[in-house]
Amino acid sequence: LVMVFYGSNGKSNLVSMENKVENQAKNEITYDIHLPSDLGMLYKVRLGLQSLENSISQLSLRHFKMQNTSTLDTFSFTINKTLPLSLNGDRWIEFPVEWPLKEALSVVTYHLTVFSRNILSERNLVHMTACIYGTHGDTGDRSLLWSLQNIQQGEDNESFLVIVDAVELGELDKVVLLISSKTDCKLDIKKLHLKEAVKEHPIYVFEVNEAFSVDANKPEIQREIPVSFVIRGDKKKNDIDKNLHKEGSQARNLTEYTIKVYTGDKRGAGTDANVHIILFGYEDKSEVFQLSQSLEHQDPFERGKVDTFKINTKKLGSLHSIEIGHDGKGFASGWFLEKVEITDASRNSVYCFNCNR
């Protein structure tokens with residue numbers, strides 16, 4: 001049994017449930033867990049099975065309770081679900097953590113449709129997982145070929161639906177595919193469509209258009225697929241999204257920038273106003289990005305804090321300047337900005353823009 005904990009300061013690695021506490025009650029096991037770093041306010045737990053024993057067919061989980069031994073904050077959750085343990089089964093359950101005076105995220109069923117050419121004929125020999133990323137974290141690696149729905153097969157085209165239950169991810173950002181096989185083969189994947197099951201829109205489109213040559217004797221293939229465009233259900237909005245897609249040439253050419261914003265450690269330095277940024281490079285400039293989803297803090301731009309944001313935009317070349325500002329909303333909206341650091345991993349470059357005002 002393993003767990004992953006998600007908090008406002010990041011997520012844990014896989015935590016193995018090994019340190020059992022003595023004096024167990026019947027059908028109840030207690031573990032001591034020591035997280036290597038402070039994850040901040042926990043908002044999600046993913047629980048699953050790391051290794052599969054042939055002697056076990058199912059594991060029924062009834063109830064989950066955890067307590068912070070320092071603060072004595074306690075969270076309790078009724079699960080009443082059974083983890084399937086078949087070789088390709090989805091072995092994970094996610095649930096939101098609810099704390100007093102704080103609204104919890106909800107559990108969402110996602111529909112992931114895979115458009116391909118020849119996966120269905122190879123699916124008994126192929127192992128393929130997807131990890132979906134959004135502004136509220138990720139799903140972890142989920143098996144794609146264990147329970148397929150809505151299978152459509154033509155002469156040269158096929159599609160199938162995969163259902164993934166996860167704590168809501170917010171705005172979707174990318175999908176990471178992992179592919180391996182027991183035999184040498186070539187898998188042709190065209191695109192992925194991803195949406196919430198109960199909503200017609202938005203539909204996140206991930207263009208892949210790649211034939212993967214899988215070698216049974218080599219490590220699994222990993223591909224990071226950024227979102228290409230979003231179908232919103234509003235024709236005008238769709239046109240805007242598709243134009244942004246065209247401006248970026250192809251979504252495969254989008255560049256991810258990591259933006260660290262340092263708020264000064266002075267009285268009244270923080271702000272509750274809405275902050276935006278534009279990046280200027282020697283080749284192009286970005287669109288306006290609202291910096292609202294900090295990777296560290298639920299309430300960004302507080303005194304003495306550093307907030308990290310990730311954005312995807314067209315290739316800008318080397319950066320020479322930025323525009324950053326806010327809309328002045330909220331009580332005492334004045335903001336003391338110390339500096340902004342931007343990392344472009346594709347160019348192995350870090351840019352520092354000092355402000356100190």
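A charge is taken to sit over a ring if NZ of Lys or CZ of Arg is within 6 Å of the ring centre and within 35 degrees of the ring normal. In this predicted model, the charged end of Arg46 sits over the ring of Trp92, at 5.2 Å from the ring centre.

**Charges over rings**
- Besides Arg46, whose charged end lies 5.2 Å from the centre of the Trp92 ring, there is Lys174, which is placed over the face of Tyr133 with 4.7 Å to the ring centre.

**Aromatic pairs**
- The structure holds seven aromatic pairs, and one of them joins Tyr6 and Tyr43, whose ring centres are 6.2 Å apart with planes at 55°, so this pair is tilted.
- Tyr6 belongs to strand 1 (residues 2-7) and Tyr43 to strand 4 (residues 42-48), so that the pair, its members 37 residues apart, links distant parts of the chain.
- Both partners are buried, since the relative accessible area of Tyr6 is 2% and that of Tyr43 is 15%, where buried means under 20%.
- The rings of Phe77 and Phe95 are stacked, because their centres lie 4.7 Å apart and their planes meet at 15°, and planes under 30 degrees apart count as stacked.
- This second pair also links distant parts of the chain, with Phe77 in strand 6 (residues 74-84) and Phe95 in strand 7 (residues 92-96), 18 residues apart.
- Phe95 is buried at a relative accessible area of 0%, and together with Phe64, Phe75 and Phe77 it forms one aromatic cluster.

- Three strands make up an open sheet in the order 21-20-23, and their pairing is antiparallel.
- Strand 21 (289-290) and strand 23 (319-326) are the edge strands, and because each has a single partner strand, one side of each is left without a neighbour in the sheet.
- Strand 20 (residues 275-281) pairs with strand 23 in the antiparallel sense over seven bridges, and within this pairing His276 has Gly325 of strand 23 as its bridge partner.

**Backbone features**
- Most residues other than glycine have a negative phi, and most peptide bonds are trans.
- The peptide bond from His201 to Pro202, by contrast, is cis, with omega near 0°, and Pro202 is located in the loop between strand 15 (185-196) and strand 16 (203-214).
- Asn150, in strand 12 (residues 149-153), has a positive phi near 50° and is exposed at 55% relative accessibility.
- Asn209, which lies in strand 16, has a positive phi of about 50° although it is not a glycine, and with a relative accessible area of 57% it is exposed.

Note on methods: Residues are numbered from 1 along each chain as its sequence is written. This is a predicted model: local features need pLDDT of at least 70, side-chain atom pairs count only at pLDDT 80 or more; totals for chains, interfaces and linings use all residues. Side-chain values use heavy atoms; hydrogens and water are left out. Rings of Phe, Tyr and Trp (its six-membered ring) pair if their centres lie within 6.5 Å; planes under 30 degrees apart count as stacked, over 60 as edge-to-face and the rest as tilted. Helices (H or I, at least four residues) and strands (E, at least two) are DSSP runs, numbered from the N terminus. Buried means under 20% relative accessible area, exposed over 50%, partly exposed in between (1.4 Å probe, protein chains only). Two strands pair if DSSP finds at least two bridges between them.
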